Amino acid sequence: MGKMLAAVFHKSNKLGGDIKLEEVDLPYVTKSNQVLVEIKACGICGTDLKIIEGGHPANDNTILGHEFAGIVREVGESVQDLEIGDKVVADPNEKCGYCINCRRGLSNLCEYMASGTTFGIFQDGGFAKYCVLPRSSLFKLPKKIDLIAASLIEPLSCAVHCHNIANVKESDNVVIIGAGPMGLIIESVIRKHPIKRLISIEIDEWRGQKALDLGADLLINPDTSNVQKEIMKFTNNEGADVIIDAVGISKTFEMATNFWAPGARLICFGQDNRAEAKIKPNDIVRYQRQILGSYIGYAEDFLDAIELVANKAIDIDKLITEVIPLEKLILTGFKLMKERKCVKIIALP
Ligand SMILES: [Zn+2]
Ligand SMILES: [Zn+2]
């Protein structure tokens, strides 16, 4: 049997574990609904780091990488609508389609998914030359699409979802807390639409510069400035109509409630299971504010993300800061991620 290079997660006895580049057996189609995909590009996600550090669960001995695009190389006998050579992107979160959440249109909250099915986390993913996935986890891509750019589709679909949940209007002052990769991708989606003002809150200088580069009207560093004061001044005392918390810690959530305008929507996007926050319910009632969660995305958000990438409608070149061979995933890719001097790093298997 042939072999391929893959980045495999090895669970340690404690939390987290180690990622190692090693030779593994080539995967092959075993079920009629499966597709063998030759992976052409796979993005590194903050979740990959979290898995290694113990902040996110994952299965032992699993090939990581859940943001990938590639080319169909083999199809099971019941797959009728994909041909060898078609370009595809993976939706790594496998949904059942029949649980109560799926049937209510909340496929992003599929009960089956919660039991751990994500490709690149609980099942073998994209940091390898090949991956086998069910047809239902693949979206066919337009022929013209660039596959390196297409590896942005998965995180972009989450950003599209967030933008839809926020229901952003032209007259809105928008604040994004956190200019990490997701905060910046969300910014680039929001910037596609007319809004009043866009303010970015970020501690790290490199990331703050990126936020300005992608079109933020104002950057505030909460370590050196009074965020509430700066925002009220910049918005002529209007405050923020839409706040996207792309960090999700206690501090950022509570910060958001210092400058939210009457009628504001606060979107909780960043995840941290340890975060707790104090809030006055009457601040919500009296000013008809909304606190909304945004979690991954729907299939329709994937379709929108595909169009944004295919039409080069977002700043792909500014979002992909590094393209590296898979061999350099750990020494270069994960190193840059830890140093935070990157937006998206794409590995080429
Ligand atoms: Zn991810
Ligand atoms: Zn389901």
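How many residues of domain 1 are in contact with how many residues of domain 2? Eight residues of domain 1 meet 11 residues of domain 2. The model behind this count is predicted.

Start with the two domains. Domain 1 is made of two stretches, 3-151 + 315-348, and domain 2 covers 159-293. Their C-alpha centres lie 29 Å apart. Now look at the side of domain 1 that touches domain 2. Five of its residues are charged, two are nonpolar and one is polar.

Step back to the whole chain. Its secondary structure comes to 13 helices and 16 strands. The radius of gyration is 20 Å, close to the 20 Å that the globule rule gives for 349 residues, so the chain is as compact as a globular protein of that length. Along the principal axes, the C-alpha atoms fill a box of roughly 65 × 40 × 40 Å.

Next, find helix H5, residues 153-166. Two packed helices are described by the angle between their axes and the distance between the axes.

Take H6 to begin with. This helix spans residues 181-190. The axes of H5 and H6 come within 9 Å and cross at roughly 60 degrees. Angles of 65 to 115 degrees count as roughly perpendicular. H5 and H6 are therefore oblique to each other. Their crossing is right-handed. On the H5 side, the contact is made by Pro155, Leu156, Cys158, Ala159, Val160, Cys162 and His163. H6 supplies Pro181, Met182, Ile185, Ile186, Val189 and Ile190. By class, this contact has 12 nonpolar residues, one polar residue and no charged ones.

Now turn to H11, residues 299-310. H5 and H11 pack at an angle of about 115 degrees, and their axes are 8 Å apart. This crossing, too, is right-handed. From H5 come Ile153, Leu156, Ser157, Val160 and His161. They meet Asp301, Phe302, Asp304, Ala305, Ile306, Leu308 and Val309 of H11. The contact of H5 with H11 has eight nonpolar, two polar and two charged residues.

Definitions and conventions. Residues numbered from 1 in each chain as written. Chains lettered and ligands numbered in written order. Predicted model: local features only at pLDDT ≥ 70, side-chain atom pairs only at ≥ 80, totals over all residues. Axes fitted to C-alpha atoms, helices over the stretch in contact; angles between N-to-C directions. Helix = DSSP H or I, 4+ residues; strand = E, 2+ residues; numbered from the N terminus. Parallel < 35°, antiparallel > 145°, perpendicular 65-115°, else oblique. Left-handed = near helix turned anticlockwise from the far one by under 90°. Contact = placed C-beta atoms within 7 Å. Nonpolar A, V, L, I, M, F, W, Y, C, P; charged D, E, K, R; others polar. Domains from an automatic or database assignment. Rg over C-alpha atoms; globule rule 2.2 N^0.38 Å.
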